[in-house]
Amino acid sequence: MQGKKGTQRDKKKFLEALKRRHGIVTLACKDVGISSMTFYRWQKSDNDFFQDSEEIRDIEIGIIAEDRL
């Protein structure tokens with residue numbers, strides 16, 4: 001079982017992957033080797049992670065939407 005520091009590192013790596021993958025959760029999960037269930041469990045149990053991941057998704061998806069206009 002990972003300690004809290006390991007999990008925090010994994011969350012940070014995930015957030016970096018989420019930025020690279022333009023807010024697409026499934027692609028970011030594949031990049032860091034976690035399941036989407038783990039991502040949603042992290043969101044549910046860690047409000048800071050929830051806020052950070054949703055902000056990335058909102059920004060990245062907004063950028064994609066603007067590019068299509």
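The legends below accompany several close-up views of a predicted model of one protein chain.

View 1. The protein chain contains 4 helices and 0 strands, and, read from the N terminus on, its elements follow the order α-α-α-α. Of the 69 residues in the protein chain, 32% are buried. Because this is a predicted model, the reader may wish to keep the confidence values in mind: the chain has an average pLDDT of 89, and 83% of the residues score at least 70. Confidence is highest in helix 2 (residues 25–32), with a mean of 97, and lowest in helix 4 (residues 47–67), with a mean of 85.

**View 2. Asp31 and its salt bridge with Arg20.** Asp31 and Arg20 form a salt bridge in which the closest N and O atoms are 3.9 Å apart. This pair links distant parts of the chain, since Asp31 belongs to helix 2 and Arg20 to helix 1 (residues 4–20), with the two partners 11 residues apart. Asp31 has a relative accessibility of 36% and therefore counts as partly exposed, whereas Arg20 reaches 53% and therefore counts as exposed, the cut-off for exposed being over 50%.

**View 3. Asp31 again, now with Arg21.** The side chain of Asp31 also meets that of Arg21 in a salt bridge, with a distance of 2.9 Å from N to O. Here too the pair links distant parts of the chain, for Arg21 is in the loop between helix 1 and helix 2 while Asp31 is in helix 2, 10 residues apart. Arg21 is partly exposed, as its relative accessible area is 32%.

View 4. Arg57 and Glu54 form a salt bridge whose closest N and O atoms are 3.0 Å apart. Both residues lie in helix 4, where they are 3 residues apart, or about one turn of the helix. Glu54 has a relative accessible area of 22% and so is partly exposed.

**View 5. A patch of negative charge on the surface.** Four residues, namely Asp48, Asp52, Glu55 and Asp58, gather on the surface in a patch of negative charge. One of these residues, Asp52, is found in helix 4. With a relative accessible area of 38%, Asp52 is partly exposed, because this class covers the values between the buried limit, under 20%, and the exposed limit, over 50%.

**View 6. His22, a residue with a positive phi.** His22 is not a glycine, and yet its phi is positive, at about 55 degrees. This residue lies in the loop between helix 1 and helix 2, the loop in which Arg21 is also placed. His22 has a relative accessible area of 42% and is therefore partly exposed.

Definitions and conventions
Residues are numbered from 1 along each chain as its sequence is written. This is a predicted model: local features need pLDDT of at least 70, side-chain atom pairs count only at pLDDT 80 or more; totals for chains, interfaces and linings use all residues. Side-chain values use heavy atoms; hydrogens and water are left out. pLDDT is the predictor's confidence in each residue, from 0 to 100. Helices (H or I, at least four residues) and strands (E, at least two) are DSSP runs, numbered from the N terminus. Buried means under 20% relative accessible area, exposed over 50%, partly exposed in between (1.4 Å probe, protein chains only). Patches are made of residues with over 30% relative accessible area and no salt bridge: like charges are joined within 9 Å, nonpolar side chains (Val, Leu, Ile, Met, Phe, Trp, Tyr) within 5 Å. Accessible areas come from the Shrake-Rupley method with a 1.4 Å probe; for residues, only the protein chains shown count as cover. Lys and Arg count as positive and Asp and Glu as negative; His and the chain ends are not counted. The place of a charge is taken as NZ of Lys, CZ of Arg, CG of Asp or CD of Glu.
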